[in-house]
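Visitor: Could you walk me through this one, starting with a strand and then moving on to whatever open space there is?

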Amino acid sequence: MKILISAGPTREKIDPVRYISNRSSGKMGYALAEAAVKSGASVTLVSGPVSLTPPSGLALLISVESAAEMTDAIRKEAESSDVIIMCAAVADYRPVMAAEQKLKKKGERLILELEPTEDILAGLGGRKKSTQILVGFAAETEKLLEHAEDKLKRKNLDWIIANDVSRSESGFESDKNQAVILGRNGAKTVIPLQSKKEMAETIISVVCGKNNGGK
Ligand code: C5P
């Protein structure tokens with residue numbers, strides 16, 4: 001089985017020394033990659049910039065910076081993958097133009113124009129093969145299950161891992177996480193607060209099991 005996993009944040013350039021990014025540490029995605037390797041799968045990890053050591057035993061590690069680079073890498077690898085888990089916190093917007101030189105301080109308002117990035121996961125959902133299993137993450141600060149269920153349908157996913165990132169003891173940057181795994185056919189698995197490593201093993205066993213989408 002070939003499993004493709006994305007992890008970490010992306011960086012969208014403003015000028016040569018500045019960028020827009022987010023608080024993703026990559027810990028959840030790297031824990032998933034480690035659990036997937038342990039399960040015996042051939043694992044490709046596409047990673048945004050993080051300060052983590054990649055797990056040993058990966059078939060391939062592709063390091064990227066921007067959402068556009070992540071899109072290219074995932075598209076190339078997706079075709080031959082059985083399971084795709086998009087755990088990366090991909091930027092939803094990027095500056096329309098990155099300045100070639102460092103922007104100078106001028107003491108007045110600076111307006112940065114942003115344009116949407118491509119939604120990689122929704123794109124994969126649109127061309128999903130019947131044998132492929134597509135898994136997304138929903139990091140929400142409110143109406144967790146409602147927003148997650150909406151994404152599951154809208155992006156044509158088989159599974160979504162919903163986690164509440166407004167809690168300080170879990171989510172972004174933390175070593176721990178808590179979540180609910182929702183399947184397209186109504187399955188629901190509640191994962192209480194635990195290490196991201198433990199959670200990763202549960203996620204891999206659920207999404208790679210025979211019970212595709214919770215039928
Ligand atoms: O809609 P939202 O961005 O909150 O959805 C989150 C899910 O979509 C995550 O699984 C994330 O990896 C994926 N995503 C993506 N491309 C984007 C933004 C999010 O694949 N540009």
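Visitor: Which way do the side chains of β6 point, and are they buried or exposed?

Guide: From strand β6 (residues 83–86), Val 83 and Ile 85 point one way, while Ile 84 and Met 86 point the other way, and all are buried, where buried means under 20% relative accessible area with a 1.4 Å probe and protein chains only. Strands here are DSSP runs of E with at least two residues, and helices are runs of H or I with at least four, numbered from the N terminus. This is a predicted model, in which local features need pLDDT of at least 70 and side-chain atom pairs count only at pLDDT 80 or more, whereas totals for chains, interfaces and linings use all residues. Residues are numbered from 1 along each chain as its sequence is written, and side-chain values use heavy atoms, with hydrogens and water left out.

Visitor: What does β6 pair with?

Guide: Strand β1 (residues 2–7) runs parallel to β6 and is joined to it by four bridges, and strand β9 (residues 133–140) also pairs with β6 in the parallel sense over four bridges; pairing requires at least two DSSP bridges between two strands. Leu 4 has Ile 84 as its bridge partner in β6, and Met 86 has Gly 136 in β9.

Visitor: Switching topic, where does Val 206 sit, and what is it in contact with?

Guide: Val 206 lies in helix α5 (residues 196–207), and it counts as buried because its relative accessibility is 18%. Leaving aside neighbours within four places in sequence, Val 206 is in contact (heavy atoms within 4.5 Å) with Trp 159 and Ile 181.

Methods
Buried means under 20% relative accessible area, exposed over 50%, partly exposed in between (1.4 Å probe, protein chains only).
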